[in-house]
Amino acid sequence: MMRKPKLRELGEAIKAVIVGPYTSKFPAQMPEVPERYRGKPNYDEKECVGCGTCALVCPAKAITMVDSADTKMRRLLCRYDTCIFCGTCQANCITEKGITLSNEFELSALTRDAMQEEVEKELLICEACDEIIGAVDHIRWVARKLGPLAFGNPLLMLTTLQSLGSADKMPSIDKDQIPLKRGDRIRILCPKCRQETGLVI
Ligand code: SF4
Ligand code: SF4
């Protein structure tokens with residue numbers, strides 16, 4: 001026995017013929033994305049200072065931080081194929097604008113390697129032992145935050161003066177002359193080497 005369509009369904013069918021389907025026309029027509037939508041994370045090279053906090057807090061381990069002593073560069077790589085779009089990186093970014101979740105949602109790619117976002121930052125290296133101290137932009141950011149207080153710390157003072165072009169580079173430390181002398185305190189040194197300069201009489 002043929003069942004008669006219910007009135008509600010009949011009404012829906014007539015409405016669909018007149019106004020078109022309810023579903024979006026994506027990809028022919030891009031849908032409107034809500035303002036607070038959490039899409040692809042994007043680095044802003046100018047705003048990111050390379051502190052590495054986003055890599056530390058990412059619960060999905062989608063962000064990795066790799067320091068290269070050879071190239072003297074820090075690389076932060078965000079893989080949005082493993083990102084869960086939680087927004088923790090953005091919420092904890094020390095500059096608040098270094099990484100932000102955009103409205104981009106169409107993230108398909110042919111390879112997983114194409115699904116990544118990265119930023120590179122120059123590293124500050126200890127003049128005496130070649131140990132990595134941190135990202136240059138991060139040290140400068142700390143100095144800017146401290147204002148005049150930064151001049152109480154030789155590392156912050158020197159990086160600030162060098163960024164202003166007010167400090168000439170000192171001759172390199174003669175590595176054969178180590179241990180360091182007291183006069184070496186006013187140099188770019190890692191905490192361990194700086195401590196050594198304080199132990200010398
Ligand atoms: S949104 Fe969440 S999962 Fe994605 S990179 Fe940021 S912290 Fe990691
Ligand atoms: S400044 Fe922000 S985006 Fe850049 S490394 Fe630090 S937390 Fe990540």
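Ala, Val, Leu, Ile, Met, Phe, Trp, Tyr, Cys and Pro count as nonpolar, Asp, Glu, Lys and Arg as charged, and the others, Gly among them, as polar. By that scheme, the shell around ligand 1 in this predicted model holds 11 nonpolar residues, 2 polar ones and no charged residue. The shell consists of 13 residues, and Cys58, Cys83, Cys86, Thr88 and Cys89 are the closest to ligand 1. Because Cys is classed as nonpolar, the cysteines named here fall within the nonpolar group of the shell.

The protein chain is assigned two parts: domain 1 spans 37-125 and domain 2 spans 126-201. Between the C-alpha centres of domain 1 and domain 2 the distance is 28 Å. Where the domains touch, domain 1 contributes 12 residues and domain 2 contributes 13 residues. On the domain 1 side, the most is given by strand 5, residues 116-125, which supplies 5 residues. That side of domain 1 is made up of 6 nonpolar, 2 polar and 4 charged residues.

Helix 4 itself runs over residues 136-146, and its buried residues are Val136, Asp137, His138, Ile139 and Ala143. An α-helix has 3.6 residues a turn, so residues three or four places apart point the same way. Just past the end of helix 4, Gly147 adopts a positive phi of about 65 degrees.

Note on methods: Residues numbered from 1 in each chain as written. Chains lettered and ligands numbered in written order. Predicted model: local features only at pLDDT ≥ 70, side-chain atom pairs only at ≥ 80, totals over all residues. Near = placed C-beta within 6 Å. Domains from an automatic or database assignment. Contact = placed C-beta atoms within 7 Å. Helix = DSSP H or I, 4+ residues; strand = E, 2+ residues; numbered from the N terminus. Buried ≥ 20, exposed ≤ 12 C-beta atoms within 10 Å, placed from the backbone.
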